[in-house]
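Have the sequence and the 3D view open as you read.

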Amino acid sequence: MARSSASSSARHGSRAAAGVSRVYLDYAGFSPVDPRVLAVMRPFLEGGIGNPAAPHSLGFEARDSLDGARAKVARLFGGAPAGVIFTATATEANNLALRGLAARASGRHVVTSAVEHISVLNACRELEKQGYGVTSVPVDADGRVDPDAVARAIRRDTALVSVTAASGEIGTLQPVREIGRIARARGVPFHVDAVGALGRVPLAVDECGVDLLTASSNDLCGPPGAAALWIRGEIKLAPLTLGGGQEGGYRSGTENLPAIVGMGVAADLVRSEGPAEVARLSALRDRLVDGLLAGVAGSRVTGARGAGRLPHHASLLIPGVKADAVLMELDFRGVSASSGSACATLTGQPSHVLRAIGCDDAMAESSLCFTLGRWTRAPEIDVVIDVLPTIITRLRRLAP
Amino acid sequence: MLDAPPDQVLDCVGLFCPMPILKTRETMKGMAVGQRLEMLSDDPASEADMKSWTGRTGHELLSIERHGAVFRFLVRKTR
């Protein structure tokens, strides 16, 4: 017992010296909820508030709170508040955008990219099964979509263009404004999965020609269990969930008011603190990337560099090791990170995003992803720069 | 010989990646080396996924047939 605690403290020595207990660099996987958000949510969980549809004063208050959250979320990307449809997850919002719009559209063709989130990818596959045409536009070596390729992919029967604002796996920002201009000129609605990008890069729906936008609460340090699809006034969808007609009939079911109110507060905080936070995080991210590239021989960044990627996002390939072994070793040393793709982790298959940027199977298995957030500080970054090179040297020595 | 019924059948119709591969992997775990699994899937991506997965794991992809939207994969467990 004594020995195990001694060895454990030796193992965690550098972290203890830095005054760091747990190094959490998986904000894209889950972001701790901001205490200021929790404080506003609490009364909505504890009572004194009704169902937004209830015919009494507590219901009226709930409805006001719901509409307040709608306005706060819409303000983050400059959309009309009435266009916000609250859902439980961004996956649900993406499904509603793609399948809901396709079901109402006369066209039977969708244009998307090779680096989308699995929810967009699988919604497109479902459309393919129903007989829709799906064109997946390839990306360059940084994972960037060429707007001209989108222009070439649009057909007379194209019902929707759906391209993410930023790939969650490799952090590359997409040319949303250019794609939006093309889609607008061709009269095709444009959906943007903005989950990773919102609040981190400028994204105003009118300037960028966006007609549908997916947002997630937890990516704003709001609670999980709330997300939103925003739609421009003239867009019509077929609902995927039928019932009492909540959320303009597009998403029936009693609203998760505490989480939605929390998402609204989180959106407000991101709007007011965003620019300073983005500068802080991109400096920390650069420190991490520079430190790892210098410390780990052969490592290289996936996705775009610098301003071309999400400011809180670092992803690397480390040849000669498997990501799951590295992540386990990091975890032993108190560092939480990810490989970038939960789906690929489950199946052991190389992720579609890494394949799209030209990684072979062995390279794709060596992908690491670090996502920083509101509580990330320099000492945590230095812990990773300190421990990762040792881990990699050891694992490479063990490798056959 | 090839027409002999498979040792197990796994119906993944209606499911999407990663489920067909995950379920195939789980089912194969409980089978003996040399046994054959028939997996049915209507995920448009499952053809590429199964080719890649069997290539990686070394299991033998004996045949791929397509009946309408449904793929029928026949895989032999090799290890």
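## Where the chains meet

E365(A) and R56(B) join their side chains in a salt bridge, with 2.7 Å from N to O. Please keep in mind that this is a predicted model.

Interface size is often expressed as the accessible area that is lost when the parts come together. Here, chain B and chain A bury about 1,300 Å² between them, with 53% of it on carbon and sulfur atoms.

## Salt bridges within the chains

Side chains of opposite charge can pair when their charged atoms come close. Over all chains, the whole structure holds 30 salt bridges. Three of them are set out here.

| Salt bridge | N to O distance |
|---|---|
| R232(A) and D211(A) | 3.0 Å |
| R271(A) and D268(A) | 3.6 Å |
| E60(B) and R76(B) | 3.2 Å |

What does the bridge between E60(B) and R76(B) tie together? E60(B) sits in strand β3 (residues 60–67) of chain B and R76(B) in strand β4 (residues 70–76) of chain B, so the pair links parts that are 16 residues apart in sequence. E60(B) is partly exposed at 36% relative accessibility, and R76(B) is partly exposed at 26%.

In chain A, R232(A) lies in the loop between β8 and α10, while D211(A) lies in the loop between α9 (205–208) and β7, so their pair ties together parts that are 21 residues apart in sequence. Both of these residues, R232(A) and D211(A), are buried.

R271(A) and D268(A) both belong to helix α10 of chain A, where they are three residues apart, about one turn of the helix. R271(A) counts as partly exposed at 40% relative accessibility, and D268(A) is partly exposed at 23%. Chain A also has a network of salt bridges that links D34(A), R36(A), E273(A) and R374(A).

## Rings

Three aromatic pairs are found over all chains. Among them, Y24(A) and Y27(A) have ring centres 5.4 Å apart and planes at 65 degrees; edge-to-face means planes over 60 degrees apart, so this pair is edge-to-face. Y24(A) is partly exposed at 23% relative accessibility, whereas Y27(A) is buried at 4%. F71(B) and F73(B) make a stacked pair, with 5.7 Å centre to centre and 20 degrees between the planes. F71(B) is buried at 4% relative accessible area, and F73(B) is buried at 0%.

A charge meets a ring too: the charged end of R108(A) sits over the ring of Y132(A), 4.1 Å from its centre.

## Backbone details

Most residues other than glycine have a negative phi, and most peptide bonds are trans. C221(A) has a positive phi near 65 degrees and lies in the loop between β7 (212–216) and β8 (227–231) of chain A. E247(A) has a positive phi of about 55 degrees and is found in the loop between β8 and α10 (257–295) of chain A. C221(A) is buried at 5% relative accessibility, and E247(A) is buried at 8%.

In chain B, a cis peptide bond joins C17(B) and P18(B), with omega about 10 degrees. P18(B) lies in the loop between β1 (8–11) and α1 of chain B.

Note on methods. Residues are numbered from 1 along each chain as its sequence is written. Chains are lettered from A and ligands numbered from 1 in the order in which they are written. This is a predicted model: local features need pLDDT of at least 70, side-chain atom pairs count only at pLDDT 80 or more; totals for chains, interfaces and linings use all residues. Side-chain values use heavy atoms; hydrogens and water are left out. Rings of Phe, Tyr and Trp (its six-membered ring) pair if their centres lie within 6.5 Å; planes under 30 degrees apart count as stacked, over 60 as edge-to-face and the rest as tilted. Buried means under 20% relative accessible area, exposed over 50%, partly exposed in between (1.4 Å probe, protein chains only). A charge sits over a ring if NZ of Lys or CZ of Arg is within 6 Å of the ring centre and within 35 degrees of the ring normal. Buried area is the accessible area (1.4 Å probe) that two parts lose on being put together, summed over both. A salt bridge is a side-chain nitrogen of Lys or Arg within 4 Å of a carboxyl oxygen of Asp or Glu. Helices (H or I, at least four residues) and strands (E, at least two) are DSSP runs, numbered from the N terminus.
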